[in-house]
Amino acid sequence: MAKMVISDLPDSAFEGKRVFLRVDFNVPIKDGVISEDYRIRRTIPTIDYLIEKGAKIIVGSHLGRPRGMVIPDLSLRPVSLRLSELLGKPVSFLEYGLNDQVKMVVHELQEGEVILLENLRFHKGETENDPEFSNEIASLADIYVNDAFGTAHRKHASTYGMAFHFDLRLAGFLVNRELKFLTRLRENPDHPYLVIVGGSKIKDKINALKNLLEKADKVLIGGGVAYTFLKAKGVNVGGSITEDEMIDWVRESLKEYEEKIFLPVDHVVSESIEQRKASMVVDQEIPEHFMGFDIGPKTVNLYASEIKGTGSVFWNGPMGVFEVSDFSAGTTHIARAIALATWRGATTVIGGGDTIAAIRKAEVMDSEIVHISTGGGASLEFLGGEELPGVSVLCDKKEQ
Ligand code: ADP
Ligand code: MG
């Protein structure tokens, strides 16, 4: 069922109304400097639209995992400055919690003004989806808008619980666009439909993987995730990262989907990340004191030739520790192979914070990927067929 979008309401609907806009401004910040602001830029059309329609805009987001504590390094203050730059207008930042002072500032908001609340996860109630906290943030606004696709798979107060306090629960333009592209891939993918999964943890992706193994024509596995699969097959993986609690499930999946699952046939290994100068390429078995940090050149060739002939492809999770240049070649080659597939007419979709950073590093341009999803976990789950709480809670579009 399609969801109601902000542009489905008549222009006057937002005039003078206080809108709570949940966004995902979980951007990388180091020493107060934002290195990657893609997630902020992507919400600008929604905020511009609301400003133009005369709404009073209260923006809320999380940043990192402060676990209910106030952690100065996880403050959204640098984000408020960047947001202000991008919007070309001042953005007030409310550094305190949800006290009377905040309520007063919100009360005095004028049409077209924007404020950003401090990291919502500084409150324990956010991730616990606490009813009292939901009620409290909901009381700040008249209309609820969600443009936080990257967090839509979480049942948190600001992505889920608070929405029930509003009659109008709408998708922003970013969520709408995500749903459009990902629904196409989920319901009607061009075949062959290839899924590429990497990154460090299977556990984060297990539900999605289960479903995608069924739906995709081929699943190419790389990154740290690959070593649990190889170990389950009895291959020596040395000291590479593995998740032993996943081994049984992996073994079953390998049995059931043997012809669909592709695993690395060679690796770039080293004794540790620090010892990268001593790295080398080995075939499938990894020597005792070595760890796999990237897929090797034979695997790159194998995967690239699969990508070349594909109808559609979804990629989440780097093929290696791409942050370290000695271990980034596999990821870079896969990123470029996907860009080439776009030029050959394939529907290419990628998702995940690190995966987006990786395509930037590979100098692949945004226009060389059909859709860059702001969600990693969220897009995986959606493609696997799961309901995302942050989406299901929004109003359905009215039949025309
Ligand atoms: P995304 O953010 O795109 O969803 P993930 O967070 O799942 O991706 O995975 C990215 C992380 O996986 C990176 O930090 C990368 O260093 C790590 N990684 C990839 N391959 C390996 C490996 N072989 N060993 C250890 N970590 C790895
Ligand atoms: Mg990540």
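D283 is partly exposed, its relative accessible area being 44%; by that term I mean the range between buried, under 20% relative accessible area, and exposed, over 50%, computed with a 1.4 Å probe on protein chains only. The model before us is predicted, so local features need pLDDT of at least 70 and side-chain atom pairs count only at pLDDT 80 or more, while totals for chains, interfaces and linings use all residues. Residues are numbered from 1 along each chain as its sequence is written, and side-chain values use heavy atoms, with hydrogens and water left out.

The partner of D283 is K298, in a salt bridge of 2.9 Å, N to O; the term requires a side-chain nitrogen of Lys or Arg within 4 Å of a carboxyl oxygen of Asp or Glu. K298 belongs to helix α11 (residues 297-308) and D283 to strand β13 (residues 280-283), 15 residues apart. Here helices (H or I, at least four residues) and strands (E, at least two) are DSSP runs, numbered from the N terminus. K298 is also partly exposed, at 48% relative accessibility.

By this rule, the count is 21 salt bridges. One of them joins D8 and K397 at 2.8 Å, N to O. Because D8 lies in the segment before β1 (18-23) and K397 in the segment after α15 (389-392), this pair ties together parts 389 residues apart in sequence. D8 is partly exposed at 36%, and K397 likewise at 29%.

I turn next to K53 and D11, which meet at 3.4 Å, N to O. K53 sits in the loop between α2 (44-52) and β4 (56-60), and D11 in the segment before β1, 42 residues apart. K53 is buried, with a relative accessible area of 12%.

Technical notes
Chains lettered and ligands numbered in written order.
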